[in-house]
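Open the model in your viewer and keep the selection tool at hand. This tour goes from one stop to the next, with something to select at each.

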Amino acid sequence: MLLLKKLSSPQQAILLASILGDGEITKCYPGSRRKNNSYREHFGEAQRFYREWKRQQLPSLLYIRQNNLVSRSLPLFTELYPYFYPSDQKDIPFALLPLCNHPLFLLILYLDDGSLIVSKRFTPKQQLIVSPTIALYLQSFPKHSLTLLCEWLNHNFRLHFRIAKTSNGSGYFLRTTRFEDTMQFLNYLTPYVNELPAFSYKLDWQIRMKQIQQDYPHVPILSTKPNRYFSPLEMEQLLNDVSNAVPISEIAHRLNRSTWSIYSKLNAIKKGHGTSP
């Protein structure tokens with residue numbers, strides 16, 4: 001994989017995730033004048049800004065032609081083709097996943113084929129309870145491949161995806177089921193909110209909550225955020241306050257939490273759970 005390794009780690013992550021997602025490596029047919037494969041990714045006009053952003057990340061490889069993000073015929077894509085199309089059908093190139101450790105791999109998979117699903121229910125007091133879930137709609141891949149990818153994502157990025165059923169494709173996709181797991185995934189993508197503001201509703205839960213509040217201006221809206229979940233900013237403040245010997249009652253007041261939840265989190269850290277939210 002000498003040609004692929006000429007790209008930076010972020011570029012490798014973007015390219016490999018794009019091929020897994022909306023992109024494809026075109027096939028060289030017998031008798032074709034082309035000596036190498038090329039890349040193609042079709043998009044609608046509403047998604048042009050996103051493909052332009054991809055092009056800017058890989059300026060030596062990709063360019064936009066009408067409503068397609070494409071490349072020239074290049075040895076790189078000839079090199080990659082058998083990894084993604086071992087039997088002329090796209091599959092997950094597990095031999096290449098060690099090159100996909102950058103969070104940009106998650107970002108592209110999610111923006112290409114993912115969704116932030118928000119379930120809603122009203123309480124008897126007419127409060128709206130909202131619950132976020134990350135879905136990666138990779139149902140074009142067979143179940144055994146998705147299972148291995150799920151295990152790899154969970155191990156490599158310390159995520160908690162699960163296999164779920166769907167009526168499309170192979171019948172399975174990946175999803176989170178708990179609030180903490182959804183936030184853990186979105187935390188990886190926080191650095192890219194400013195680069196892709198049109199996707200902020202999909203990358204930032206607080207922005208999504210504000211949009212929901214605008215849709216229901218006269219309804220109290222509550223998230224299913226559990227007491228045990230601490231955001232990265234809350235963790236930073238908690239650890240800083242503890243190191244400065246701030247009383248637990250004052251820390252609880254600053255974080256708008258119960259003293260019990262502060263003691264519980266500190267106890268979890270002492271037991272070796274680290275500083276993970």
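Leaving aside its neighbours within four places in sequence, which residues is F105 in contact with? Select F105 and look around the ring. A13, L16, A17 and L20 are among its contacts. L97, C100, W152 and L153 complete the list. Keep in mind that this is a predicted model.

**Stop 1: the main core**

Now widen the selection. F105 belongs to the largest nonpolar core, a set of 71 residues. Together with L15, L80 and Y110, F105 touches the most other members. Next, select residues 103-113, which form helix α4. This helix gives the core its largest share, eight residues. In soluble globular proteins, nonpolar side chains tend to be buried together.

**Stop 2**

**Stop 3: the whole chain**

Zoom out and switch to a cartoon view. The C-alpha trace spans about 75 × 40 × 35 Å along its principal axes. The protein has 277 residues, and 46% of them count as buried.

The protein exposes about 14,700 Å². Carbon and sulfur atoms supply 51% of that area. Then colour by charge. There are 33 positive and 20 negative charges, and their mean positions are 3 Å apart.

**Stop 4: salt bridges**

Side chains of opposite charge can pair when their charged atoms come close. How many salt bridges does a search of the whole structure find? The count is 13.

Start with K27 and D88. Their closest N and O atoms are 3.3 Å apart. This pair links distant parts of the chain, 61 residues apart. K27 sits in the loop between β1 (24-25) and β2 (39-42). D88 sits in the loop between α3 (75-84) and α4.

Move on to R178 and E180. Their side chains form a salt bridge, at 3.8 Å from N to O. R178 is partly exposed, with a relative accessible area of 35%. E180 is buried, at 12%.

Then select E250 and R254. This salt bridge has an N to O distance of 3.1 Å. Why are the two separated by about one helical turn? Because they are four residues apart in helix α10, residues 248-255. E250 is partly exposed at 30% relative accessible area. R254 also counts as partly exposed, at 42%.

To finish this stop, select D22, E41, R51, K54 and D112 together. Salt bridges that share partners join these five into one network.

**Stop 5: two loops**

Select Q66, in the loop between β3 (62-65) and β4 (68-71). Check its backbone: phi is positive, about 55°, although Q66 is not a glycine. Q66 counts as exposed, at 65% relative accessibility.

Last, go to Q126. Q126 lies in the loop between β5 (114-122) and β6 (128-136). What is its phi? The value is near 60°, positive in a residue other than glycine.

Key. Residues are numbered from 1 along each chain as its sequence is written. This is a predicted model: local features need pLDDT of at least 70, side-chain atom pairs count only at pLDDT 80 or more; totals for chains, interfaces and linings use all residues. Side-chain values use heavy atoms; hydrogens and water are left out. A nonpolar core is a set of buried Ala, Val, Leu, Ile, Met, Phe, Trp, Tyr and Cys residues joined through side-chain atoms within 4.5 Å. Buried means under 20% relative accessible area, exposed over 50%, partly exposed in between (1.4 Å probe, protein chains only). Contact means heavy atoms within 4.5 Å. Accessible areas come from the Shrake-Rupley method with a 1.4 Å probe; for residues, only the protein chains shown count as cover. Lys and Arg count as positive and Asp and Glu as negative; His and the chain ends are not counted. The place of a charge is taken as NZ of Lys, CZ of Arg, CG of Asp or CD of Glu. A salt bridge is a side-chain nitrogen of Lys or Arg within 4 Å of a carboxyl oxygen of Asp or Glu.
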